[in-house]
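This report covers a strand arrangement and a set of aromatic contacts. The sequence and structure are shown first.

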Amino acid sequence: MFNSCLNVKVYVETYGCALNRADTEIILGILTKKGIEIVDSIDKATIIIVNTCGVKSPTEFKILKRLRKLKNYSKPIIVAGCLPKINLEKIKEILPDYAAILGPDSYEKLPKIISQIINGQRGIIDLEGDPLPRLTLPSVKTHPTIGIVPISQGCLGNCSYCAVKFARGRLVSYSPEDILKRVRQLLLEGCKEIWITAQDTAVYGFDIGYSLPQLLEDLVKLPYEYRIRVGMMNPAHLKQIVDDLIKVYKSPKIYKFIHIPVQSGSNKILRRMNRKYTVEEFKALIELLKVSLPKLTLSTDVIVGFPGETEEDFQETVKLLEEIQPDITNVSRFSVRPRTEVEKMDEKLPGWKIKERSRKISKIVRKISLQRNLKWIGYVGEAIVSEIGIKGGFIARNFAYKPIVIDSEYVTLGSFVKVKVVDASITHLVGKIVENSE
């Protein structure tokens, strides 16, 4: 069956979160193992795969616009990932002559599906399937020094605005043995930074009698010099493990970085969002973390313009951000996602009002981010060179996962360097390499 795939060349595009990037590495691994060539441009490709995201409307619009453009290449297109399980009809409307549409648990079937496409079949849909054993599937790294390791899929939340639950389902935690095995392999392959990712890392292990702090304790014992970045945690579940998490976070192998989306500073709006925590509980978490982990880099998310959000509710969100001083705040304008509870809610705000609030809060969070970063000027310490800069040079990360742009030709990806921070902007620090004697 697969002989017909041997001359196939596949081009893959990816949208969305770190979990989606990990899924793309699995797609590449599955195809490569079957002898299917991966190419870096559409012109070289026989088949195009688009691994999609459906978490926000702007991302969906971007993907649909891209699909319209890809139609012009007159090549079979496979639409994969979360969006098919969130808004299938829209994909079919934009791309009526699709080759295949796959959900995030259908990737093992890709070689067979590609064979069918090469033999002339079109209109294949495969959205259902048991959760993939992601850590035991073949995988191809897309970054030389950063390894992405999914520790679970699905979540235990039921947020009224979220459509990802339709794509990823309920929590399924992967075994700690499989996670450790994958991390070891990535470290042997030269990774210096491991991203632990999931829809909600805080609930890892709740379904198997284990926990995130226990997993991290296992990982920091590995005899390698590397750093761990822990992915997003829902405050409702973080509060159940925070004490044990703080203990293991004191390990030098774990970046002092934490991503905790608050979404709103109003308890009324949090209830409408079905977030299962209060503003007071969130603030207590942040205070505990900041006292216990000095120089912690705090990242959060807010949604502005949620149905029923009054000016007072909005100002409560502004007040909360000014109080907790997050280093990074991802601001999203509210938009309705298909099939969510929020579709039925009244009191939806006009688009102009949502944009106005988004502009106001974005200005405030940029100011906070700059103030936070300016405090790092003069810092001297170790950092890992983890990325090539978009505008040249390199990006290194210190113990708090702060991005430090270094303009030097004497560093290599994955190396540990001593840096001094000499300047700062809203998004990053600027550093220079220093000798130990400086």
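## Aromatic pairs

In this predicted model, the count of aromatic pairs comes to 8. One of them joins phenylalanine 257 and tyrosine 401: the ring centres are 5.1 Å apart and the planes stand at 55°, so the pair is tilted. The pair links distant parts of the chain, 144 residues apart, with phenylalanine 257 in strand β12 (residues 257–259) and tyrosine 401 in the loop between β16 (394–397) and β17 (403–406). Phenylalanine 257 is buried, at a relative accessible area of 8%, and tyrosine 401 is buried at 6%.

Tryptophan 376 and phenylalanine 399 also form a tilted pair, because their planes meet at 55° with ring centres 5.8 Å apart. Tryptophan 376 lies in the loop between α14 (351–374) and β15 (380–388), and phenylalanine 399, 23 residues away, in the loop between β16 and β17. Tryptophan 376 is buried, with a relative accessible area of 5%, whereas phenylalanine 399 is partly exposed at 32%.

Tyr161, Phe306 and Phe334 form one aromatic cluster.

## Charges over rings

Lysine 295 lies over the face of tryptophan 376, 4.4 Å from the ring centre. The charged end of arginine 229 sits over the ring of tryptophan 195, at 3.9 Å from its centre.

## Open sheet

An open sheet of 6 strands, paired in parallel, has the order β2-β1-β3-β4-β5-β6. Strands β2 (37–38) and β6 (124–126) are at the edges with a single partner strand each, so one side of each lacks a neighbour in the sheet.

Strand β1 (residues 9–14) runs parallel to β2 and is joined to it by 2 bridges; valine 10 has isoleucine 38 in β2 as its bridge partner. Helix α1 (residues 18–33) lies across β1, β2 and β3 (47–52), running at about 150° to β3.

Definitions and conventions:
Residues numbered from 1 in each chain as written. Predicted model: local features only at pLDDT ≥ 70, side-chain atom pairs only at ≥ 80, totals over all residues. Heavy atoms only, no water. Pairing = 2+ DSSP bridges. Helix = DSSP H or I, 4+ residues; strand = E, 2+ residues; numbered from the N terminus. Contact = heavy atoms within 4.5 Å. Axes fitted to C-alpha atoms, helices over the stretch in contact; angles between N-to-C directions. Phe/Tyr/Trp six-rings, centres within 6.5 Å; stacked < 30°, edge-to-face > 60°. Buried < 20%, exposed > 50% of the residue type's maximum accessible area, 1.4 Å probe, protein only. Lys NZ or Arg CZ within 6 Å of the ring centre and 35° of its normal.
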